[in-house]
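Biologist: I would like to learn how to read this model. Let us go feature by feature.

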Amino acid sequence: MLSVQHVSGGYSGEDVVKDISFSVNKGELFGILGPNGSGKTTLLKMLSGILPFGQGEILIGGKRLQTYSPKQLAQKIAVLSQHSTQSFSYTVKETVALGRYAHQKGLFQTWSQEDEAVVQRVMKQIGVSKFQEKNIQELSGGEKQRVFLAQSLAQEPEILLLDEPTNHLDLSYQKELLDLLKQWTIENGLTVISIFHDLNLAGLYCDRLLLLEKGRIKINHVPNEVIREETIRDVYQTKIQKHPHPKVAAPQMVLLPEKQKLENLIQINESLLLQSDEIICLKSPNPLRTMSSGVIGSGTGWHQTFVNRHVCKDYNCSDHREEMASFLLSKGFEPSETVGMMTAVLLADVEYRLFEAGGFSIFVVVTAGVGNAVDASNSDMHGVEMMPGTINTWIFVNGELTEEAFIQSIMTATEAKTKALHDLEVRDEITGTIATGTSTDSILIAATQAGKGLDYAGTVTPLGKLISKAVYHCTTNAVQKSQKRKRS
Ligand SMILES: Nc1ncnc2c1ncn2[C@@H]1O[C@H](COP(=O)(O)OP(=O)(O)OP(=O)(O)O)[C@@H](O)[C@H]1O
């Protein structure tokens, strides 16, 4: 569709883009990225024919760009630019109709039935027909942007060029505009080439990305290859971290602000623990990085409040998440800041302790009853009834964990818990074999992310050794306490 071959050029004889080569296929959504001043707009101006280039070739449909007359070029390429300063006073329909000029024939540029049909169709598709008689000045920024998109599409181009189309648009309009463009590439075979400053939007919507650095191509590839931590850090000279999108396989980036030096490092320990018959609660002065299987606040996140709630053995609720959220609110906790768990164990039997090693510490809190004990190797002999979690393990780490260390912490804690049940000879009541856990155990790893860096938490690493010892100790004591209560 479009082929750029060794193009160089710029202003006043000085090359701003240098030896650029790439091609874009029909129906692709192609993103151009790069830091300020890297030559993105200059390149786009060359593609649209506004700015002549010094060397190289740009081919559109196999023909040299310079061989097209302005009108022929307008039938191939439309440009959606920033119209924030637009001062003409046209109606929406008149504005969209301007897009038809390239198709109008004859000396008097008569308005044909086909022109009318295209304008009506495009207005409908872009969702602007309902205000077609309104003056363009009366529209919001996002609505105007849609009208100008409709104008560009009324031009019936094969290629649409956009310079930061989502600039000035709020979140919902950004999504709406890009969803529309994506739809047009898929359904109508439109080729879209767009400059993006927002790497996350580019990663989410584009088929391919071209990253410019100082006028040259750094990389031209699929988003996952272009949006790499090292590449982006290198080109934009800033700290970022890549993380997966929760719903689609698209690369996403987050900025890493410079860390403010904490004057007094907080330590999570028993002084922050509050206990009643109804809840055990730990309130941290700062949000902690968490990985958990709580009823509330599961997965990874940042949380400041941790609640383990006692419920009766026959607690049964069709929507236990909703019920738990209401409970937390009724007690003055903000569910979005809280990791919440439930247990049928009496909270008086909780076991907690601070364990210290060279330069870091962990605070572990365990409530454990083994009424639902299960041997994982024989769990298919059990039904699927979900009883409230019976071994709830909280591990607070006063240190900075990697993602790897979070996951290894869960593995190590599980191994230590299983060994505690083994040594206590806790049995699965259905199979009669030694249990490995209970049917609805929950775990929380929460780290201050300050102080000593702890890269790993396998069983023989410094953090792993402390977790093994702490979880084994607390689980053993908590199970013994609840067994003693049962017997008495
Ligand atoms: N009309 C012009 N005359 C002279 N130099 C220009 C002109 N337009 C841009 N430049 C220069 O060309 C270089 C690249 O500018 P360009 O606008 O292409 O970068 P960009 O990647 O689009 O930047 P931004 O992200 O800031 O929009 C810059 O150094 C800029 O100063």
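Modeller: Start with domains: their bounds come from an automatic or database domain assignment. Here the protein is divided into domain 1 (2-255) and domain 2 (271-487). This is a predicted model: local features need pLDDT of at least 70, side-chain atom pairs count only at pLDDT 80 or more, and totals for chains, interfaces and linings use all residues. Residues are numbered from 1 along each chain as its sequence is written.

Biologist: How far apart do the C-alpha centres of domain 1 and domain 2 lie?

Modeller: The distance between those two centres is 51 Å.

Biologist: Which residues surround the ligand?

Modeller: A residue is near a molecule if its C-beta atom, placed from the backbone, lies within 6 Å of it. Around the ligand we find Y11, V16, G34, N36, G37, S38, G39, K40, T41 and T42.

Biologist: Which helix gives the largest share of that shell?

Modeller: Helices (H or I, at least four residues) and strands (E, at least two) are DSSP runs, numbered from the N terminus. Helix α1 (residues 40-47) supplies the largest share, 3 residues.

Biologist: Where is S12, and is S12 buried or exposed?

Modeller: Count other C-beta atoms, placed from the backbone, within 10 Å of the residue's own: 20 or more is buried, 12 or fewer exposed, in between partly exposed. S12 sits in the loop between β1 (2-11) and β2 (14-24). S12 counts as exposed because it has 5 C-beta neighbours inside 10 Å. Its phi is positive, about 50°, although S12 is not a glycine.

Biologist: What about the phi of E156?

Modeller: E156 is not a glycine, yet has a positive phi of about 45°. E156 lies in the loop between α5 (141-154) and β7 (159-163). With 18 other C-beta atoms within 10 Å, E156 is partly exposed.
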